[in-house]
Amino acid sequence: MKEKFMRGSHALGLAARIVVSVVIIALIIWKYDDFKNMDIRRLVAESPNVAAGVAAILGVYLLKSVVFVVPASLIYIAVGMAFPTYWAILINAAGIIIEVCVTYLFGLIMGGPYVLNKLEKTKYGAKITELHGKNKLSAIFAVRFIPVFPIDLVSLFLGAVRMRFLPYFLLSLGGILPRVILFTVLGDGIYDYIPMETIALVCAIALPVALVVWVIRYAIKTKDAEENYGKPPYEPLKDSKRYVIFDTDMGPDCDDAGALRILAHMAKKYGITVLGAANCTSNPYANGAIRAIAEHCGLGEIKVGQHRGEKLLADGDKYNKTVTKKYFKFENSAIAAEPSNEFYKKALSKAEDSSVTVISVGTLTNIAQMLEEEPELFNKKVNSIVAMAGKFPSGKEFNIECDIKAAALVFEKFKNIIVCSGWEVGNGVMTGFSRERENDPVYDSYKEYLGKKEPPFLRESWDLTAVQYAFEGNGEFYSLSKPMKITVDKNGAVSATRDKYSKRYYIIKKAEDERIAEYLNAILEGNENED
């Protein structure tokens with residue numbers, strides 16, 4: 001039933017776009033001579049009275065908001081010449097109100113995906129998207145105030161993303177009116193130099209072409225949407241076979257050690273290549289613990305990068321130092337690592353586009369650094385981030401609070417999919433070891449961290465569930481939320497609100513805690529050196 005409704009909706013949407021396109025193209029062809037030779041002064045002069053003249057000008061604004069052919073500056077100047085300055089400013093202000101309202105509505109009709117895709121390919125589109133993504137009214141005002149951003153393009157975008165109308169309306173007027181007033185008082189001198197015939201010709205050719213492309217692309221998107229209907233937006237590693245980078249704060253808690261064992265097991269089970277691990281803490285012994293666990297679990301001598309910069313979680317030695325000293329004869333080589341940004345650059349530069357998933361079970365510090373230093377490389381190569389981060393639908397969580405600035409930057413700057421495994425997912429899922437094991441760095445990590453002499457050694461599974469979802473996705477244990485806009489406030493609190501154009505999601509736990517724990521414990525207490 002839902003599939004039939006979706007197909008009907010897409011069909012109606014395509015029909016509506018075709019009708020709109022045909023009407024606009026026909027209007028341009030029919031009235032091309034009028035557009036080419038449009039003279040605002042003559043429209044006013046030939047009007048039977050002032051009211052009719054004003055109505056004619058407002059009609060031009062309405063026309064401009066639909067066909068985008070008439071230059072705005074020409075109207076401002078011409079109205080300033082035809083009326084006293086005070087009245088001219090009021091008339092132009094009324095025209096701007098019509099234009100921003102109609103174009104906003106046009107953006108709603110055209111739909112977000114089309115407008116967003118078009119914006120990404122325009123000169124100023126990416127900047128408009130970025131400023132809006134900051135979710136600050138000041139950024140929207142700047143887009144309106146700076147003359148380089150086309151009025152109608154911005155209006156289409158803000159309508160398509162369904163910005164609340166009242167803030168949109170007030171910010172639009174406040175930003176646009178200063179230039180309207182300026183051009184209104186300029187007078188005859190500039191008006192006569194505006195090449196209206198050339199401008200109209202270019203617009204009359206470009207707009208129909210753009211409309212045809214618009215309809216074709218929408219039809220293609222409709223077909224793709226029907227083919228992908230019902231599929232989750234995140235494709236798990238077991239199906240996609242993407243590469244993996246493990247980003248961890250090994251040390252402050254032992255579930256990072258358990259998560260790395262789960263990762264090693266599933267990488268072997270599903271044939272996934274692990275490019276390496278990034279240590280987001282300042283504790284070098286975390287590098288030794290990562291290497292010991294990776295080697296014991298069959299990943300071999302993986303490459304390790306470590307956070308450089310301000311100290312972060314530097315005292316996480318509850319098990320890192322013990323594990324490093326026990327499993328490595330040469331301690332110095334075990335704890336050595338290149339800077340995390342260099343590690344990421346080397347790993348990603350060799351990967352194909354959109355071929356990497358980063359599984360983050362610590363702070364988002366390393367990822368934020370990459371998005372500041374190499375945003376194009378990171379966004380191009382990384383298909384998705386699965387992060388143990390946040391508490392949903394709202395709340396505070398350790399990984400976010402440890403580096404609030406980094407978390408906010410990642411949610412803002414990363415262009416692709418982010419799946420969050422919130423605190424509530426792994427909390428209550430008690431995993432670890434119920435019996436003694438010898439020469440096992442994961443077992444030693446749990447034992448040392450918990451400070452007990454005898455098993456069971458059990459801990460919540462915040463990081464383990466994130467890794468599990470990254471590999472296996474939706475199914476018996478988990479499902480995914482609707483697309484959400486996820487934000488981090490200055491105090492580290494995370495909130496999620498519905499936004500159908502977003503690429504952010506959080507995991508929803510379906511199975512009982514005991515059932516998930518049983519599944520994960522079977523892996524933790526098994527022997528990953530045998531399949």
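1. Serine 355 sits in the loop between α19 (340-349) and β5 (356-360). The model is a predicted one. Serine 355 counts as buried, because its relative accessibility is 9% and the limit for buried is under 20%. Its side chain reaches the backbone oxygen of glutamate 352 at 2.5 Å. Leaving aside residues up to four places away in sequence, serine 355 touches Arg242, Tyr243 and Lys381.

2. Helix α10 covers residues 151-160. Nine of its 10 residues are buried, so the helix is largely enclosed by the rest of the structure. The buried set runs as follows: Ile151, Asp152, Val154, Ser155, Leu156, Phe157, Leu158, Gly159 and Ala160. Asp152 and Ser155 are among them. Just after α10 comes arginine 162, with a positive phi of about 60°.

3. Leucine 58 belongs to helix α4 (residues 50-67). Is this residue buried, partly exposed or exposed? Leucine 58 is partly exposed, because its relative accessible area is 23%, and buried would need a value under 20%. Its contacts, not counting residues up to four places away in sequence, are Ile91, Ala94, Gly95 and Ile98. Asparagine 92 lies 34 residues from leucine 58 along the chain. The C-alpha atoms of these two residues are 8.3 Å apart.

4. Tyrosine 86 is placed in helix α6 (residues 85-110). Its relative accessible area is 58%, so tyrosine 86 is exposed; the mark for exposed is over 50%. Which residues make up the nonpolar surface patch with Tyr86? Trp87 and Leu90 do. Together, Tyr86, Trp87 and Leu90 have about 380 Å² of accessible area.

5. Now the cysteines. How many disulfides does a search of the whole structure find? It finds zero. A disulfide is a covalent bond between the sulfur atoms of two cysteines. Take cysteine 280. Its closest cysteine sulfur is in cysteine 402, at 8.6 Å, so the two are too far apart for a bond. The cut-off for a disulfide is a sulfur pair within 2.5 Å.

6. Cysteine 280 and cysteine 101 can also be read by accessibility. Cysteine 280 counts as buried, because its relative accessibility is 0%. Cysteine 101 has 24% relative accessibility, so it counts as partly exposed.

Note on methods: Residues are numbered from 1 along each chain as its sequence is written. This is a predicted model: local features need pLDDT of at least 70, side-chain atom pairs count only at pLDDT 80 or more; totals for chains, interfaces and linings use all residues. Side-chain values use heavy atoms; hydrogens and water are left out. Patches are made of residues with over 30% relative accessible area and no salt bridge: like charges are joined within 9 Å, nonpolar side chains (Val, Leu, Ile, Met, Phe, Trp, Tyr) within 5 Å. Accessible areas come from the Shrake-Rupley method with a 1.4 Å probe; for residues, only the protein chains shown count as cover. A salt bridge is a side-chain nitrogen of Lys or Arg within 4 Å of a carboxyl oxygen of Asp or Glu. Helices (H or I, at least four residues) and strands (E, at least two) are DSSP runs, numbered from the N terminus. Buried means under 20% relative accessible area, exposed over 50%, partly exposed in between (1.4 Å probe, protein chains only). Contact means heavy atoms within 4.5 Å. A polar contact is a pair of N or O atoms within 3.5 Å; within protein, one must be able to donate a hydrogen and the other to accept it, and residues adjacent in sequence count only if both atoms are side-chain atoms.
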